[in-house]
Amino acid sequence: MTANSLPAHYWIVNARIPNCFIDRSIREQNLDLPLTPTLERDQLFPCHLEIQHGKITGILPSVRISEIPTESLPIIDGKQGMITPCFADLHTHLDKGHTWERNPNLDGTFQGALKGIYRDCTEQGNWSYDDLYRRMEFGLKCSYAHGTKAIRTHLDCPPHQFQTTFQVFRELREKWKEKITLQAVSLVQLSYFDTKEGEQFADAIADLGGIMGGIAHMIPELDHYLDRILTLATERHLNLDFHADENNDPSSRTLHRIAEASLRHNFAAQIVCGHCCSLAVQDQETALETIALVKDARVGIVSLPMCNLYLQDRVAERTPRWRGVTLVRELDAAGVSVALSSDNCRDPFYGFGDHDLLQVFSMGTKISHLDTPYDNWIESVTSRPAALMGLDEVGLGIGQPADLVLFKARCYSELLSRPQNDRLVLRNGIAIDTTLPDYAELDDLL
Ligand SMILES: O=c1cc[nH]c(=O)[nH]1
């Protein structure tokens, strides 16, 4: 049987699933199986997966293959390939995406990125309904084809822009709802929420079903602004998502202040902080103090390895000395939920990218040394970001939708050595078309 003709009931046999996605009661059934060094090192569970009417209905340890009625039911041979759940991208900027050709960031700095987007959105006024719709949808097409099923996007919200952007977001969220769960976060200066218009803007975010967010800076008014935004969010039952400490200044400790504010307010909803780069340049004691607070406040952290590698420590004609990422390993060890996400794609903040969380995981693994042991790090692009988004259907449990990716890679080294463009993506048990959109689709906008 080929993946193009999947029936309502079939098995994928001879697959390998990371242990972290397999229920302990199922894993224990394989205790008799002598594990190869690869399976042991990479913590992979060799098994067979039953799929019926779009759902996972059975996971059999590999030793029990004789129980599968292979004569009566169709099978796909996974050939020991790895299976992961579909991906969840917790931190993106779909509204900026694919503007590189018309507004590149030629010095590659953070300031250059800010200027590039200001030029594109405000000075040149490029972000019309049509322009945004097509670029954002291009990003969704790439994400979907790579196997992503949930995306949170930050949306730049200058007063002249946000209504158009919100309209496009609403329409795309509706159009794509069967394929991708979309969430939106406002991206503004925190001071904006301390104004009358800012309060109305909080209402507009609530009306959109969005998440309140903005960029935290180490300014004297920071605590006051945080108190204000936490109050507005509590009143409206909204989650929060901040850009925090995207710099290499050890005195930049907005993450610490956000966690303190959360505890001060006894904030019940979910807070996510993105970037948190400066944590990695602080002394050990200071960093650990913040990490403990972040854990107490249940703040989720999302690291953006590709964008941080690109923008941080960029000085003209000098080789960068650090990798730009936050202390993902220390945060994880302390029990903080750590996700990895795409961030920007082909815009002034990051000149590359293709909305592919396998690429993010691959780069993140190499940048932050998440390999050997790989532990549960694959969760950082799947179930963990999904949980931080309040979604529970990203996983490989019995009864869950058969939304998964089957790779022609039998271990992590094979998985992370090739781009895996021949991956099989199943949504509700059906193989989707993984053809990527043609760049030329956007030519007339650029
Ligand atoms: O788009 C943005 C904005 C701030 N920081 C980023 O990395 N990207």
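Predicted model: local features only at pLDDT ≥ 70, side-chain atom pairs only at ≥ 80, totals over all residues.

The dialogue below takes up confidence, an annotated span, a helix pair, selected residues and backbone geometry.

Biologist: Which elements have the lowest and the highest mean pLDDT?

Modeller: Among the elements of the protein, the lowest mean pLDDT, 88, belongs to helix α1 (residues 24–27). The highest, 99, belongs to strand β11 (residues 300–303).

Biologist: Which residues does the UniProt annotation "domain: Amidohydrolase" cover?

Modeller: According to the unreviewed UniProt entry, that annotation covers residues 147–421. In the model, the span is 37% helix and 15% strand, and its end C-alpha atoms lie 11 Å apart.

Biologist: Let us turn to helix packing. At what angle do the axes of helix α8 and helix α9 cross?

Modeller: A helix pair is described by the distance between axes, the angle and the hand of the crossing. The axes of α8 (residues 254–265) and α9 (residues 284–296) come within 9 Å and cross at roughly 35°. The crossing of α8 past α9 is left-handed. On the α8 side the contact is made by L255, H256, A259, E260 and L263, and on the α9 side by E289, T290, L293, V294 and D296. By class, this contact has five nonpolar, two polar and three charged residues.

Biologist: Is L263 buried, partly exposed or exposed?

Modeller: Relative accessible area decides the class: under 20% is buried and over 50% is exposed. L263, in helix α8, has a relative accessible area of 38%, and is therefore partly exposed. Leaving out residues up to four places away in sequence, L263 touches L293, D296 and A297. L263 and Q29 are 234 residues apart in sequence, and their C-alpha atoms are 43 Å apart in space.

Biologist: Which residues does I83 contact, leaving aside its neighbours within four places in sequence?

Modeller: I83 lies in strand β4. Its contacts are I12, A15, R16, I17, P18, L49, L396, L404, V405 and L406, with those sequence neighbours left aside. I83 has a relative accessible area of 0% and is therefore buried. The C-alpha atoms of I83 and F21 are 9.9 Å apart, while the two residues are 62 apart in sequence.

Biologist: Where does T84 lie, and is T84 buried or exposed?

Modeller: T84 is also placed in strand β4 (residues 75–85). T84 counts as buried because its relative accessibility is 1%. Beyond four places in sequence, T84 touches I378, L396, L404, V405 and F407.

Biologist: Which residues does L90 touch, not counting residues up to four places away in sequence?

Modeller: L90 is found in strand β5 (residues 87–92) and touches R152, D241, V272, V302, A339, S341, P385, L388 and M389, on that count. With a relative accessible area of 0%, L90 is buried. L90 and H146 are 56 residues apart in sequence and 15 Å apart in space, C-alpha to C-alpha.

Biologist: Which backbone values deserve attention?

Modeller: Most residues other than glycine have a negative phi, and most peptide bonds are trans, so departures from either pattern are worth noting. The peptide bond from T372 to P373 is cis, with omega near 0°. P373 lies in the loop between α12 (357–368) and α13 (383–388).

Biologist: Where do Q43 and C276 lie, and what is the phi of each?

Modeller: Q43 has phi near 55°, a positive value in a residue other than glycine. Q43 is placed in the loop between α2 (37–42) and β2 (44–52), and counts as partly exposed because its relative accessibility is 25%. C276 also has a positive phi near 55°. C276 is placed in the loop between β10 (271–275) and α9, and is buried, with a relative accessible area of 1%.

How values were computed
Residues numbered from 1 in each chain as written. Heavy atoms only, no water. Helix = DSSP H or I, 4+ residues; strand = E, 2+ residues; numbered from the N terminus. Buried < 20%, exposed > 50% of the residue type's maximum accessible area, 1.4 Å probe, protein only. Contact = heavy atoms within 4.5 Å. Axes fitted to C-alpha atoms, helices over the stretch in contact; angles between N-to-C directions. Left-handed = near helix turned anticlockwise from the far one by under 90°. Nonpolar A, V, L, I, M, F, W, Y, C, P; charged D, E, K, R; others polar. pLDDT = per-residue confidence, 0-100. UniProt positions renumbered as here; feature names shortened; annotations may be inferred.
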